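Open the model in your viewer and keep the sequence panel beside it. We will go from the whole chain to single residues.

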Amino acid sequence: MPTESWSIQIDKEYLKFSAAHFLIFPDGSAERLHGHNYRVYVDLEGRLDPHGLVIDFKEVKPVVRELVDELDEHWLLPRDHPELRIDRRDDGVVEVRYRERYYAAPEEDVIVLPINNTSAENFATWIGREVHRRLAERFPDLEIRDLKVAVEETQGQRGVYRLRA
Ligand SMILES: Nc1nc2c(c(=O)[nH]1)N=C([C@H](O)[C@H](O)COP(=O)(O)OP(=O)(O)OP(=O)(O)O)CN2
């Protein structure tokens, strides 16, 4: 028996954020601190309502937009890496230590995310869970069957998170 499904896809040039990061590799080596213009893509599968909509694009885009705006122009740090230390000083400076490295930055420039490495996959995970949480909160009747969020770090390479209900 064939099954049918419906989804919306959001791929907008303005759904992007610029951020600094460094990735830590499995052998413990780490990239230099550098930045990317990340782009975010969202696919959402749900029930088709009597008006022929899964959900109005206009309801989803602001949720993604507010997330990318929150991340934009920050240094993104992983809270849960086992060897990276992040300390907030009383004078509003964040100190970051990784092995022999030491950095200090104003706390308003830094966002510490609940991830273990600043990979595109982990950014997609954090954004995907937040999109799901915020949509569920704002649209309690929305039935999300499948949500896919991709984060493109450099052109043509993306980390993808998928949540299936
Ligand atoms: N699975 C992942 N692998 C890598 C990630 C990641 O997020 N997930 N990230 C990086 C780097 O942070 C990096 O900035 C991208 O590196 P690279 O592949 O070298 O990117 P380029 O587009 O500059 O590479 P080209 O040589 O132009 O193809 C690394 N790996």
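**The whole chain**

Remember as you look that this is a predicted model. Begin with everything selected. Of the contacts in the chain with a separation of 6 or more, 62% are between residues 24 or more positions apart. The C-alpha trace spans about 60 × 35 × 25 Å along its principal axes. Of the 165 residues, 22% count as buried.

Now switch to a cartoon view. How many helices and strands does the chain have? There are 2 helices and 10 strands. Follow them along the sequence and you read β-β-β-α-β-β-β-β-β-α-β-β.

**The two helices**

Select residues 57-71, which form helix α1, and residues 120-138, which form helix α2. In general, two packed helices are described by the angle between their axes and the distance between the axes. Here the axes of α1 and α2 come within 10 Å and cross at roughly 135°. The crossing is right-handed.

Next, show the side chains where α1 and α2 touch. On α1, pick Val 60, Val 63, Val 64 and Leu 67. On α2, pick Ile 127, Glu 130, Val 131, Arg 134 and Leu 135. Which classes of residue make this contact? Color by class to see 7 nonpolar, no polar and 2 charged residues.

**A three-stranded sheet**

Move on to strands β5, β6 and β7. They form an open sheet of 3 strands in the order β5-β6-β7, with antiparallel pairing. Select 85-88 for β5 and 101-106 for β7: these are the edge strands, and each pairs on one side only. From one strand to the next, the twist averages 20°.

Click on two of the partners. Val 94 is bridged to Ala 105 in β7. Glu 95 has Ala 104 of β7 as its bridge partner. In a regular strand, side chains alternate between the two faces of the sheet.

**The turn and the open edge**

Zoom in on the hairpin of β6 and β7. It has 2 residues between the strands. Select Arg 99 in this hairpin: its phi is positive, near 50°.

Conventions
Residues are numbered from 1 along each chain as its sequence is written. This is a predicted model: local features need pLDDT of at least 70, side-chain atom pairs count only at pLDDT 80 or more; totals for chains, interfaces and linings use all residues. Helices (H or I, at least four residues) and strands (E, at least two) are DSSP runs, numbered from the N terminus. A residue is buried if 20 or more other C-beta atoms lie within 10 Å of its own, exposed if 12 or fewer, and partly exposed in between; C-beta atoms are placed from the backbone. Two residues are in contact if their C-beta atoms, placed from the backbone, lie within 7 Å. Two strands pair if DSSP finds at least two bridges between them. Axes are lines fitted to C-alpha atoms, for helices over the stretch in contact, and angles run from 0 to 180 degrees between N-to-C directions. A crossing is left-handed if the near helix is turned anticlockwise from the far one by less than a right angle, and right-handed if clockwise. Ala, Val, Leu, Ile, Met, Phe, Trp, Tyr, Cys and Pro count as nonpolar, Asp, Glu, Lys and Arg as charged, and the others, Gly among them, as polar.
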